[in-house]
Structures are given as C-alpha cells and as structure tokens.
Amino acid sequence: MPLKLIDTHAHLQAGVFESDLDALVACARAQGLQSALICASSPDDWGAARDTAHRYGFGYLLGIH
C-alpha cells in the first residue's frame, strides 16, 4: 500500500524553490505527499506562504518568531 504523507512544516514559499516549485511539488506528490503545512515566521512572509498554500491546495500557518 503506498504511503500517504503530510509534511507538517514546510517553507515552500522560500525563494530558493521559486524556479522549480511546480516540479518539486509534483515529484513530492508522486512519492505520496498528500498535503503540506506552509509555515511563515514573520508578517513579511505571510502573503507568500498563503499564496503558495492556495496554489497547491495546502494548509498554512502564520506566526511570529
């Protein structure tokens, strides 16, 4: 039976993933990723985290560190 995975702490909104994020998410889903929680640690990052989560149907967490 294939694994069904949830990443509970992801920062996919980070610029380092920008150029190939679609491919990264597609690969993760092919390996069993069902969902992810996109985490933002400051108000400056909240919009990007929310937008990324909505783009892929993931959840998101907005916080302040």
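**Reading residues in helix α2**

Modeller: Let us begin with T52, which lies in helix α2, spanning residues 43-56. Please keep in mind that this is a predicted model.

Biologist: Is T52 buried or exposed?

Modeller: The general idea is a cut-off: buried means under 20% relative accessible area. T52 has 9% relative accessibility and therefore counts as buried.

Biologist: Which backbone oxygen does the side chain of T52 reach?

Modeller: A polar contact is a pair of N or O atoms within 3.5 Å. Here the T52 side chain reaches the backbone oxygen of A48, at 2.8 Å.

Biologist: Which residues does T52 touch, not counting residues up to four places away in sequence?

Modeller: With those sequence neighbours set aside, T52 touches L12, Q13 and L21.

Biologist: How should I read D51?

Modeller: D51 is also found in helix α2.

Biologist: What separates the C-alpha atoms of D51 and Q13?

Modeller: Their C-alpha atoms are separated by 8.3 Å, while the two residues stand 38 residues apart along the chain. Q13 is also among the residues that T52 touches.

Biologist: How many disulfides does the structure hold?

Modeller: A disulfide requires a pair of cysteine sulfur atoms within 2.5 Å. The structure holds 0 disulfides. As for cysteines, C39 is buried, with a relative accessible area of 6%, whereas C27 is partly exposed, at 47%.

Note on methods
Residues numbered from 1 in each chain as written. Predicted model: local features only at pLDDT ≥ 70, side-chain atom pairs only at ≥ 80, totals over all residues. Heavy atoms only, no water. Helix = DSSP H or I, 4+ residues; strand = E, 2+ residues; numbered from the N terminus. Buried < 20%, exposed > 50% of the residue type's maximum accessible area, 1.4 Å probe, protein only. Polar contact = N/O pair within 3.5 Å; in protein donor to acceptor, adjacent residues only side chain to side chain. Contact = heavy atoms within 4.5 Å.
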